[in-house]
There are 2 protein chains.
Amino acid sequence: MYTIGIIGATGHTGYVLDGVRGRSDLKIVGVSPGSDGETVETLLQRVREACPEVRQYGEHEDLLDDAEPDIVAVAPYFGDIASIAKEVLSRDIHAFVEKPLATRLDDLETLRSTYEASEGRLAAMLGIRYNPAFRTAATRVHEGAIGEVRLVNARKSYKLGRRGEPYLERETYGGTIPWVGIHAIDWINWVADDPFRAVTAHHTTAANRDHGSLETTAVLQFELGNDVLASASVDYLRPETAPTHGDDFLRVVGTEGVIRADRHGTYLIDDAAGGQRELPLGSSQHPFEDFVDAMDGTSDPLVTADASFEATRAALLARQAADEQRRIEW
Amino acid sequence: MYTIGIIGATGHTGYVLDGVRGRSDLKIVGVSPGSDGETVETLLQRVREACPEVRQYGEHEDLLDDAEPDIVAVAPYFGDIASIAKEVLSRDIHAFVEKPLATRLDDLETLRSTYEASEGRLAAMLGIRYNPAFRTAATRVHEGAIGEVRLVNARKSYKLGRRGEPYLERETYGGTIPWVGIHAIDWINWVADDPFRAVTAHHTTAANRDHGSLETTAVLQFELGNDVLASASVDYLRPETAPTHGDDFLRVVGTEGVIRADRHGTYLIDDAAGGQRELPLGSSQHPFEDFVDAMDGTSDPLVTADASFEATRAALLARQAADEQRRIEW
């Protein structure tokens, strides 16, 4: 039996709710806000359906002190993620953390040090890795289906809708590259064997429909080791009438083939078999369950701590490259 | 009746052959090589099927002096395009020119001056504008179907095959960004209302299967006026077994919708009608016929001289940005 706390109600707490459903060994014992102004009532109502005995705490410190959970999901306003994750890990509690792990590089470094000294495990909520289309693409790339990876193109496109206060200021939001673009960055890091070496990027708040400093569009360009290139496009301009919230896309170009994944499926063209074909997709998995099941250390979760730190670091360097209009090296 | 000369047999001379077919007012009168080492026998054989009286010239100057054509198609090795186009225009002959118009910026400037002083018209062979899927996308964007353009993503992916000598050296080839990427750059310039302001880019020769200095992959990122962003991905790694030579793709994101074009068709999602729908495509047209039919000045061809110069200039600046690893402003 693992006991679970949830701090904050802003991010993907649904991963935790989905993960505990039907698992008698997982129990949410406490919920608290993570940021000033955050309300947890709606979240609490949903948690009670699965865990009627859950307690509400006014301060996250009280949750940690009193409930002493084995695992904490960290999902406050994005600017508060790093400091709360640090508190969690410094108590040797496992941390399932909203992405980005931090909205500032210095906070990320501090969190990394805390993590390395902690017995707690950590994963960021990079949940799209669990989407069967994207996971199948990555698995096939890792199995060598397209030879050596040479080029990666990724796209994130979301509906803007009407976003709440935390999204309107850099201080609380962190920026569109760290919040949305990080998925595309993570896929690049996931499928390429070689590490990030440098980034150039641009972003703009134009046409953001009174969403403060929220950036509506961004383009990113990465150089990786071994002359591998990668690009990502990010926008919040997906029409509200579109059939899905997101329009995710990944294209991996190798020396022996090209693989694409989108919301419809996964497609491979290679020299070996000829022509283009749709690939059968693997089964889906809950991000939180995977994190919990790998927590004993006998296996790696799909989203490792290293990948979580690297995606966050790359996103923050890309944001800086866009802010400062210059190429930034690792 | 217009008489036509063809100088060089390296580029898209097929556009001219397709354009004269069935047109009794267009007659190819002379063919010559444009570069040292170029052979025109195969081309000449095909030209004779349509124009049996065509004459072969050993030097392009002789063709110009002797045949005095009204129009010349310029298609030598890419490093020789600018100087031959300049000779053509300086005689007030209309020039239908392989892209890029030049492989060096100084040659491009010289050609531009010559063009401005000439009575000859000019268009680059940016033939994919005539593909119904891409043309329909651009037309709809220009009609306001997606509101104000905010972001453009473009992709060119080609099979490498086994390329001849002119492709193996920068001197004769010019580079993959000017030769292949220029189409993606041209589409961006075509659909966006705002001019190019700056570019960052990368390219690499990795995995080029003994193709000298030919770059196999490139990524490009443009800032346009009014905070419009654009990106392009270019590669030669399309598997030889793929159903088509190219995998062209264009995505234009506006304030009121998103439009996509690829080899399958054109797709629009907008707020007005809701959902995604495939658009009916306009009819196709021959690039050379359009050039000829607009030559009297009563209408603009789809590929204007301005667009030809701007696409070439942007491609050469992007190549420079990639060579020098720095952001280049207009």
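Colleague: How many residues does the contact take from chain B and from chain A?

Modeller: This is a predicted model, in which local features need pLDDT of at least 70 and side-chain atom pairs count only at pLDDT 80 or more, while totals for chains, interfaces and linings use all residues. Residues are numbered from 1 along each chain as its sequence is written, chains are lettered from A and ligands numbered from 1 in the order in which they are written, and side-chain values use heavy atoms, with hydrogens and water left out. Contact means heavy atoms within 4.5 Å. On that basis chain B gives 49 residues and chain A gives 49 residues.

Colleague: What area do chain B and chain A bury between them, and which residues of chain B lose the most?

Modeller: Buried area is the accessible area (1.4 Å probe) that two parts lose on being put together, summed over both. For chain B and chain A the total is about 3600 Å², with 59% of it on carbon and sulfur atoms. On the chain B side, 16% of what is buried there comes together from the three residues that lose the most area to chain A: B:His202, B:Gln221 and B:Leu229.

Colleague: Are α5(A) and α10(A) roughly parallel or roughly antiparallel?

Modeller: Helices (H or I, at least four residues) and strands (E, at least two) are DSSP runs, numbered from the N terminus. Axes are lines fitted to C-alpha atoms, for helices over the stretch in contact, and angles run from 0 to 180 degrees between N-to-C directions. The axes of α5 (residues 105–117) and α10 (residues 305–324) of chain A come within 10 Å and cross at roughly 165 degrees. Angles under 35 degrees count as roughly parallel, over 145 as roughly antiparallel, 65 to 115 as roughly perpendicular and the rest as oblique, so α5(A) and α10(A) are roughly antiparallel.

Colleague: Which classes of residue make up the contact of α5(A) with α10(A)?

Modeller: From α5(A) the residues include A:Leu105, A:Leu108 and A:Tyr115, and among those they meet in α10(A) are A:Phe309, A:Thr312 and A:Leu316. Ala, Val, Leu, Ile, Met, Phe, Trp, Tyr, Cys and Pro count as nonpolar, Asp, Glu, Lys and Arg as charged, and the others, Gly among them, as polar. By class, the contact of α5(A) with α10(A) has 8 nonpolar, 2 polar and 4 charged residues.

Colleague: At what angle do the axes of α5 and α10 of chain B cross?

Modeller: In chain B, α5 (residues 105–117) and α10 (residues 305–324) have axes that come within 10 Å, and the crossing angle is roughly 165 degrees. That makes α5(B) and α10(B) roughly antiparallel.

Colleague: Is A:Thr312 buried or exposed?

Modeller: A:Thr312 lies in helix α10 of chain A. Beyond four places in sequence, A:Thr312 touches A:Pro100, A:Leu101, A:Ala102, A:Leu108 and A:Ile182. Buried means under 20% relative accessible area, exposed over 50%, partly exposed in between (1.4 Å probe, protein chains only). With a relative accessible area of 0%, A:Thr312 is buried.

Colleague: What is the omega of the peptide bond from A:Lys99 to A:Pro100?

Modeller: A:Pro100 sits in the loop between β5 (94–97) and α5 of chain A. The bond from A:Lys99 to A:Pro100 is cis, with omega near -10 degrees.

Colleague: How far apart in space are A:Pro76 and A:Thr10, C-alpha to C-alpha?

Modeller: A:Pro76 belongs to the loop between β4 (71–74) and α4 (81–90) of chain A, and is buried at a relative accessible area of 0%. Leaving aside neighbours within four places in sequence, its contacts include A:Ile7, A:Thr10 and A:Glu38. A:Pro76 and A:Thr10 are 66 residues apart in sequence, and their C-alpha atoms are separated in space by 5.4 Å.

Colleague: What is the phi of A:Glu68?

Modeller: A:Glu68 lies in the loop between α3 (60–67) and β4 of chain A and counts as exposed at 59% relative accessibility. Although A:Glu68 is not a glycine, its phi is positive, about 45 degrees.
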